[in-house]
Amino acid sequence: MPKARETVLEIDLKALKHNFDYLKSKLKKNTKILAVVKAFAYGSDPVTIATYLETLGINYFAVAYVHEGVALRDAGIKTPILVLHPQAVNFKTLIERCLEPSLYSSRVLNEFINIASETKQTDYPVHIKFNTGLNRLGFLENDIDHIGSILNKTSAVKVKSLFSHMAASEDLSETEFTKNQIKSFIKISEVFKNTIGYQPLLHMSNTSGIINYPEAHFDMVRTGIGLYGFGNSESENKKLQPIATLKSVISQIHSIEPDETVGYNRAYKSSGYEKTATIPIGHADGIGRQYGNGKGFVTIHGKKAPIVGNVCMDMIMVNVSDIDCQEGDEVIIFGKHPSAALFAQTAQTISYEIITAISQRVKRCYIGH
Ligand SMILES: *Cc1c(COP(=O)(O)O)cnc(C)c1O
């Protein structure tokens, strides 16, 4: 692996293939895979990830917002793209770029049909989202007759899929709740099919759903975090490989005298003769202030160096009193060891948050392709 000479997020496409193959091995042969590439493919790089997944035979992509889908189309991605949370103001653009909306309320359903009719679409693919307990987005079972009456009056759209989202698929103490969500989704899909007279694709499982609820794989699964290397449990994490490694370098080393302070607000006070290293990464790169003052740590030559004092916008200082290191040496913030999940834990958060927070200022580079 190349040694970092500045802060970079190194993305390992071999690890991505490993995770894809592993998740696929959990599925029946004909189950389709939708890759969730929202939020810059969980903070990595949506175009590189989506382009690579197309070579692996991915069936579908999902993004949260229309402009994320537009960026993929601009880059030449041809696979169908589901937009999970489109805003009506962007429906024209969505249609122009062949993106497919999730429709989750009568308001958005009607607004979308109006625009699809105005632009003379027929059978434009749409995805109907049902709320089975997350209480975030989605129609309720009681809405089916009403949805049916709207859909049966128009030929502008056609329901490509019906889906729902689990509230606690990673949490084995909530198994009963999740099983009820699955039951309720099955019932909804049967009533819905009878109401519209044809069978759309069904999907419900995110990564933890794939792992914990094989009975909920239906026709397609939606995986995000698993592709990027995290499985929401220790045993699954061992089988997946984090694709992103955040690396940096030591810019300068300081010898600190007893009772000197380090950083803004003099937040750290040394207790003896200490040595600190200054690293060119800060809260503007996504390492939030909550990682400061001894919570977060980086790894230098395999050893832990805790962050001392406050995280600055462009820099952190770390304690290297016990590490034999020099200016220019490589620093690992997270990667395969320690993982982003472990790093996130130091600030009481989760892998999803830290990996999607790494800002666009950090250069992306690629290995394993
Ligand atoms: C983000 C998202 C996913 C992906 O979930 P992971 O836990 O990352 O696999 C799937 N479905 C919906 C609706 C989402 O919003």
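Analyst: Let us begin with how a helix pair is described: axes are lines fitted to C-alpha atoms, for helices over the stretch in contact, and angles run from 0 to 180 degrees between N-to-C directions. Helices (H or I, at least four residues) and strands (E, at least two) are DSSP runs, numbered from the N terminus. You are looking at a predicted model, where local features need pLDDT of at least 70 and side-chain atom pairs count only at pLDDT 80 or more, while totals for chains, interfaces and linings use all residues. Residues are numbered from 1 along each chain as its sequence is written, and side-chain values use heavy atoms, leaving out hydrogens and water.

Now find helix H1 (residues 13-25) and helix H3 (residues 46-55), whose axes come within 11 Å and cross at roughly 55°. That angle makes H1 oblique to H3; angles under 35 degrees count as roughly parallel, over 145 as roughly antiparallel, 65 to 115 as roughly perpendicular and the rest as oblique. H1 brings Leu 13, Leu 16, Lys 17 and Phe 20 to the contact, and H3 brings Thr 48, Ile 49, Tyr 52 and Leu 53. Contact here means heavy atoms within 4.5 Å. By class, the contact of H1 with H3 has six nonpolar, one polar and one charged residues. Ala, Val, Leu, Ile, Met, Phe, Trp, Tyr, Cys and Pro count as nonpolar, Asp, Glu, Lys and Arg as charged, and the others, Gly among them, as polar.

Next, turn to the loop between helix H9 (207-212) and strand E9 (220-223), where Tyr 213 sits. With 2% relative accessibility, Tyr 213 counts as buried; buried means under 20% relative accessible area, exposed over 50%, and partly exposed in between (1.4 Å probe, protein chains only). Leaving aside residues up to four places away in sequence, Tyr 213 touches several others, including Met 166, Thr 178 and Ile 182. Thr 178 is 35 residues from Tyr 213 in sequence, yet their C-alpha atoms are 8.8 Å apart in space.

Phe 218 belongs to the loop between H9 and E9. Phe 218 has a phi near 45°, a positive value in a residue other than glycine, and at 24% relative accessibility it counts as partly exposed.

One last stop is Pro 338, in the loop between strand E18 (330-334) and helix H11 (340-345). The peptide bond leading from His 337 to Pro 338 is cis, with omega near -10°.
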